[in-house]
Amino acid sequence: MTFLLVVALILYLTSITFAFITFANEKFRERAAVWVRLSVFVGFVLHTNSLIVSWIRLGHFPIINLKEVCSFIAWALVGYYLLVIRRYKARALPIFVLSATSILLIFSLHLRTPEGPIPSSLSSAMADDTLTHFILPVHVALLLFAYAAFVVTVGCGAMYLIQERALKAKQFGAAFRWLPALNTCDEIAQRSMTVGFVTLTLGVIAGMVWGKEHDGRFWHNDPKEVLTLVTWLVYLAMVHYRLTAGWRGRRVAWLAIGGFVAVLITFIGARAMGGYHIFG
Amino acid sequence: MSIVLIGLNHHTAPVEVRERLAFPEGEVLSALHAMTAREAIQEALIISTCNRVEVIAEAADANELRNFLYDLKDLPHNSLNKHLFQYTDTDAVKHAFRVAASLDSMIVGEPQILGQVKDAFQRAQQAGTVGHTLTRLMNRAFAVAKKVRNETGIGANAVSISYVAVELARKVFDTLDGTTVMLLGAGEMAELAAKHFITNGARRLLIANRTLENAQSLATEMNGEAMSLDDLERRLPEVDIVLCSTGAPHYLITSQQINQALAARRYRPMFLIDISVPRNIDPAISDIDNAFVFDIDDLEAVAEANRQERQREAQRAEEIVQTEAQRFAASLGEGNLNQVIGVFRREIHQLALDELERSRKRLGELSPEQEEAIKIMLNSLVNKFTHPIIRQLRESEDGHSTYLEAFREYYHQNKE
């Protein structure tokens with residue numbers, strides 16, 4: 001599957017290149033925009049194929065170790081991006097999103113984790129019961145989808161802040177011309193945040209149900225659980241202030257960045273702290 | 001015959017000179033007819049706008065065309081020579097392309113000139129003074145103009161203050177569809193900007209003025225809704241875009257009002273343009289989240305940056321025009337080549353038929369089959385004879401070989 005992934009990666013990088021061309025060259029703008037979409041789409045199809053092939057070969061969904069997880073987030077990110085561009089025109093968005101995708105994929109390809117059976121700590125729990133067998137991949141997939149949505153949220157938040165700065169400082173340079181309108185950034189960020197928050201919540205619930213089935217405990221005080229709770233609270237605050245106080249624009253953009261830092265700490269920091277959420 | 005272009009424009013002549021040579025709408029037709037009545041002028045087309053007067057013609061001699069222009073306008077010969085430019089062949093083609101592509105305009109990239117050139121062409125078509133060459137030239141010119149517009153950013157960014165305001169608003173709202181615009185005061189530029197906002201999708205226009213009557217008359221004119229200045233604070237929350245241009249010596253809109261309005265509209269952004277001097281919108285509003293204020297200097301700065309951007313894009317457009325002009329001029333040569341070949345073939349063919357007529361007496365009565373057989377024989381003889389020569393001609397297709405020149409000259413003389 002490495003081959004499929006490498007080709008998908010090349011297509012994503014191609015798409016980024018074309019995205020730059022849409023800005024740099026008026027002559028090829030329209031044609032380049034078509035190529036941006038086409039390469040992402042074909043890349044996504046190949047990426048999907050690689051996941052399916054892994055699934056069949058391993059006999060379980062490939063989201064157990066870090067290598068698989070990175071590839072899956074990258075995939076979810078592209079999938080979510082494809083949904084977003086059906087509705088919004090934001091020419092700078094592919095550059096943000098596909099850069100994140102490519103970094104994740106490169107990292108995933110770089111990792112030398114051997115493909116193998118499920119670690120014993122999980123397999124014992126999954127073998128005995130169909131419910132737990134089914135719910136574990138759902139738990140992981142939902143959380144990774146949430147992360148993907150949060151990447152788009154933070155990307156749009158960053159674009160908002162840069163564009164807003166350009167407008168307020170009256171610097172009408174490249175950023176001003178390239179980045180989408182403030183309302184577009186704000187809308188995508190807010191919607192992505194909602195999508196991310198809902199999937200995060202469902203993912204956490206799925207994890208709790210699995211924990212209960214597995215060893216009778218909803219909560220293990222594991223570092224990842226605690227950090228996820230913090231992340232969840234940050235996004236809860238965001239959703240809350242948006243709905244009640246009408247927060248938007250700059251504040252939401254900063255919250256998006258704050259939330260994403262929490263996500264990063266959860267994702268990376270929890271590994272460093274150990275605990276029962278580490279599976280190789 | 002070659003393509004000749006004579007004219008003057010805002011670069012070469014001040015308005016008092018341009019108006020002396022201008023062709024008012026009603027005079028164009030008769031001028032075109034008078035021109036093509038001359039033997040030396042085969043086709044003609046006149047572009048006469050406030051910035052330029054240009055005559056494009058398929059003519060034998062540029063000087064004759066120029067003198068004819070002087071005669072037509074009752075001017076002494078050579079009196080305006082220092083203002084006139086005169087191009088032939090590739091240079092004329094290039095200039096025509098530059099004009100149509102708006103590279104020769106006062107504001108480079110402004111789109112009106114293409115329409116004006118199209119009108120001029122249409123008028124000449126009605127007059128029946130454009131033939132094969134000028135029709136090809138103008139159609140090519142329109143295609144080149146389109147290409148320049150599509151492939152360069154020459155018309156991409158706004159260079160007028162009122163349009164810059166629209167462009168800036170789009171960077172906040174993305175689309176102006178459904179927005180509400182408030183026009184404060186009756187400054188000309190603000191009014192123009194308001195019109196741009198409406199044509200670009202704004203749904204509602206509120207018009208406030210010091211006196212309600214003025215507001216009402218403007219509201220009927222612009223299909224807006226009049227309101228009193230006293231209602232300003234109450235109506236602000238409905239408004240997405242404020243265009244302000246009054247003579248008031250103080251701030252009409254303060255930070256506090258905008259803070260309140262924003263809270264009332266759940267912080268949906270507000271976009272304020274202040275074209276008044278002294279300013280009527282407190283610049284401190286710029287420090288408020290979701291409120292964006294731009295004054296006349298800001299708009300001017302964007303316009304200036306866009307003008308520079310256009311200049312850069314114009315460089316690329318010039319390259320396109322240069323290539324296209326050369327290609328077109330070369331293809332004209334090709335047309336000439338085909339003409340020469342056609343004439344050559346017809347003449348040889350005619351020669352053969354003439355010989356047949358001369359021999360008829362001695363041939364006696366011919367059956368239709370015999371007649372047919374002789375014609376086929378002559379035809380194939382002519383083809384066999386001309387084929388290697390035509391092939392040689394085509395191989396020297398660059399149109400400049402001495403072989404071709406000699407051939408052309410021979411046939412030119414023969415025709416005369």
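**Reading domains and salt bridges**

A: Glu238(B) is partly exposed, with a relative accessible area of 30%. The model it belongs to is predicted.

Q: Which residue forms a salt bridge with Glu238(B), and how far apart are the closest N and O atoms?

A: A salt bridge here needs a side-chain nitrogen of Lys or Arg within 4 Å of a carboxyl oxygen of Asp or Glu. Arg235(B) is the partner of Glu238(B), and their closest N and O atoms are 2.7 Å apart. Arg235(B) is buried, at a relative accessible area of 10%.

Q: What does Arg265(B) pair with?

A: Arg265(B) forms a salt bridge with Asp240(B), with 2.8 Å between the closest N and O atoms. Arg265(B) sits in the loop between helix H11 (255-264) and strand E9 (270-274) of chain B, while Asp240(B) is in the loop between helix H10 (232-235) and strand E8 (241-244) of chain B, so the pair ties together parts that are 25 residues apart in sequence.

Q: Are Arg265(B) and Asp240(B) buried or exposed?

A: The word buried is kept for residues under 20% relative accessible area. Both Arg265(B) and Asp240(B) are buried.

Q: How should I read the salt bridge between Glu324(B) and Arg327(B)?

A: Start with the distance, which is 3.7 Å from N to O. Then look at the sequence positions: Glu324(B) and Arg327(B) are three residues apart in helix H12 (residues 296-363) of chain B, so about one helical turn separates them. Last, check accessibility. Glu324(B) counts as buried at 3% relative accessibility, whereas Arg327(B) is exposed, with a relative accessible area of 51%.

Q: Which residues are joined into one network by salt bridges that share partners?

A: The network consists of Arg52(B), Glu54(B), Arg98(B), Asp104(B) and Glu318(B). Over all chains, the structure holds 32 salt bridges.

Q: How is chain B divided into domains?

A: Chain B has domain 1 (2-156), domain 2 (161-299) and domain 3 (337-415). To place two of them, compare centres: the C-alpha centres of domain 2 of chain B and domain 3 of chain B lie 78 Å apart.

Q: And where are the bounds of the domains in chain A?

A: Domain 1 of chain A covers 1-117 and domain 2 covers 120-280. Their C-alpha centres lie 20 Å apart.

Q: How many residues are in contact between domain 1 of chain A and domain 2 of chain A, and how much area do the domains bury?

A: On the side of domain 1 of chain A, 24 residues are in contact with 28 residues of domain 2 of chain A. Together the two domains bury about 2300 Å², with 83% of it on carbon and sulfur atoms. Tyr80(A), Tyr88(A) and Phe96(A) supply 25% of the area that domain 1 of chain A buries against domain 2 of chain A, more than any other three residues.

Methods. Residues are numbered from 1 along each chain as its sequence is written. Chains are lettered from A and ligands numbered from 1 in the order in which they are written. This is a predicted model: local features need pLDDT of at least 70, side-chain atom pairs count only at pLDDT 80 or more; totals for chains, interfaces and linings use all residues. Side-chain values use heavy atoms; hydrogens and water are left out. Domain bounds come from an automatic or database domain assignment. Contact means heavy atoms within 4.5 Å. Buried area is the accessible area (1.4 Å probe) that two parts lose on being put together, summed over both. Buried means under 20% relative accessible area, exposed over 50%, partly exposed in between (1.4 Å probe, protein chains only). Helices (H or I, at least four residues) and strands (E, at least two) are DSSP runs, numbered from the N terminus.
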